[in-house]
Amino acid sequence: MKSGTNASAVSQSVKALGISLASVLAVAATPAFAQDAASAPAAAATEAVAGSYTPMKPTPGVGMPVPEGIGLQDQYSKLGEYGAWIHNGVLLPIITVICLLVLALLIIVVLRYNRRANPVASKTSHNTLIEVIWTLVPVLILIGIAVPSIDLIAKQYKPAPKGALTIKVTGNQWFWTYGYPDNGDFEVVSNMLNPVTGPTINNGIRKVGSEPWDGPSHLEVDNRMVVPAGEPIRLQITASDVIHSFAVPSLWFKLDAVPGRINEKVLMIDKPGVYYGQCSELCGAKHGYMPIAVEALPRDKYNAWVMTHPGAKVDNPNAPAGSETDYLPGEEPAGAAPAADASAAPAAVEAE
Ligand SMILES: [Cu+2]
C-alpha cells in the first residue's frame, strides 16, 4: 500500500510535468506524435524509456451510460459485440414474438370462449398433434438459444494466451488498486473524484471537472487503470476486505473480486478510449463511490505511461500495436506458441 501511494504521488508530479510541457510545445506536439506512430518499434521503445503521459479525454457517449439509455451500452470488444448480438439479435426478438403470441391467444380465448359467445363448452381433452407441437417448438427454441449462449460462455472463460500482459485488480473499501507485475510491479491507487456539489466523498482528492480530461461525475477517478488496446490482457481480480465486483459494461466485463481468491478473465479492448464501470457487488457504505475507469492506449503510449512509474519496465517493447484486433481469447494469434493449445483443450471438453 505504501509503495502504491508513493507511485501515485510520483505519477501525479510526472503528470504535472507532462501538462506544462504539453502547453509549452502545443504547436510542435502534434506533428511529433504523428511521426512517432509511424516510426520503427525500436524508436517507440526508446521514447517509452523517457516516460510521458497525459490522461485521455473521454468521448461523450463512448464507454459510459447515456441519458435515457435503456439498452446495452455500445460494445468495444469482440466478445461484447457477440454478447450484445445474442441479446439484441436473438433473445429480444424471440421474447417479443412469444409475448405477442401468448397475448394473442389470451385475447382469442377471452373473446371467443366466454359464456355468452360459447355457451356449450367443448369436451375435448386430448389432441396429439397440438401436444407434439407445443412440446417440440419450445425444445427447438431452447436449443436455438443454448447454442450461441454456451459458445459465448466458453469463449469468455478461455484462458489468456502465453505471454499476455497480466494486471492485478484489487477491490478495497472503497477504491480500486491496479498492480502491474509484468511492468516492474508498481501499483496504482484509484479513487473516485469528488462531485462538484454535495459532501466530500474522498478527502484529499480533487473535484471532478477540475482537469480538461475529466469524464462524468461519479465515474471519473484520479488514477485510471491504463491498459494497452488491441491485445489480450490477463486480469487477475481479488479483494482485500469484502466481496466487490469489477464491472465495465461497454467492455462486456464483470467478475467478482473475492478476498483470498483470484478470479481470472481475459480483457481485450478493440480500440483506444476511456471506458467506465462501477463496483457491482454491494460492499458497504461507499459501494456507490468506487467507480472503475479503464484507459486503453496504443502500445507505444502504454509503454510511455508505464515508464512514468519508478522502477517500471516495458514488458513487450516491440509489440506491434493493434495487430491482433481480430483475436478472441483462446484463439491463438498466428505464429503463437503451440503450448497454449493444450490449455485450450480442457475448456473445449467442458463446453461439450
Ligand atoms: Cu465494492
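Visitor: At what angle do helix α4 and helix α5 pack?

Guide: Start with the directions of the two helices. In this predicted model, α4 covers residues 78-112 and α5 covers residues 128-156. They pack at an angle of about 165°, and their axes are 11 Å apart. That makes α4 roughly antiparallel to α5, because angles over 145 degrees count as roughly antiparallel.

Visitor: Which residues of α4 and α5 meet?

Guide: List each side in turn. From α4 come L79, Y82, G83, I86, V90, L91 and I94. From α5 come I141, I145, P148, S149, L152, K155 and Q156. Sorted by class, this contact has 10 nonpolar, three polar and one charged residues.

Visitor: Now the sheet. In what order do the strands lie?

Guide: Read across the sheet, strand by strand. Five strands give the order β4-β10-β9-β6-β7. The sheet is open and its pairing is mixed.

Visitor: Which strands stand at the edges?

Guide: Count partners. β4 (225-228) and β7 (253-257) each have a single partner strand, so one side of each has no neighbour in the sheet. From one strand to the next, the twist averages 25°.

Visitor: How do β6 and β7 pair?

Guide: Check the sense, then the bridges. β6 (residues 244-248) pairs with β7 in the antiparallel sense, over five bridges. One example is H244, whose bridge partner in β7 is A257.

Visitor: Which helix packs on the sheet?

Guide: Helix α6, residues 299-306. α6 touches β4 and β10 (291-297). The direction of α6 makes about 140° with that of β4.

Notes:
Residues numbered from 1 in each chain as written. Predicted model: local features only at pLDDT ≥ 70, side-chain atom pairs only at ≥ 80, totals over all residues. Axes fitted to C-alpha atoms, helices over the stretch in contact; angles between N-to-C directions. Helix = DSSP H or I, 4+ residues; strand = E, 2+ residues; numbered from the N terminus. Parallel < 35°, antiparallel > 145°, perpendicular 65-115°, else oblique. Contact = placed C-beta atoms within 7 Å. Nonpolar A, V, L, I, M, F, W, Y, C, P; charged D, E, K, R; others polar. Pairing = 2+ DSSP bridges.
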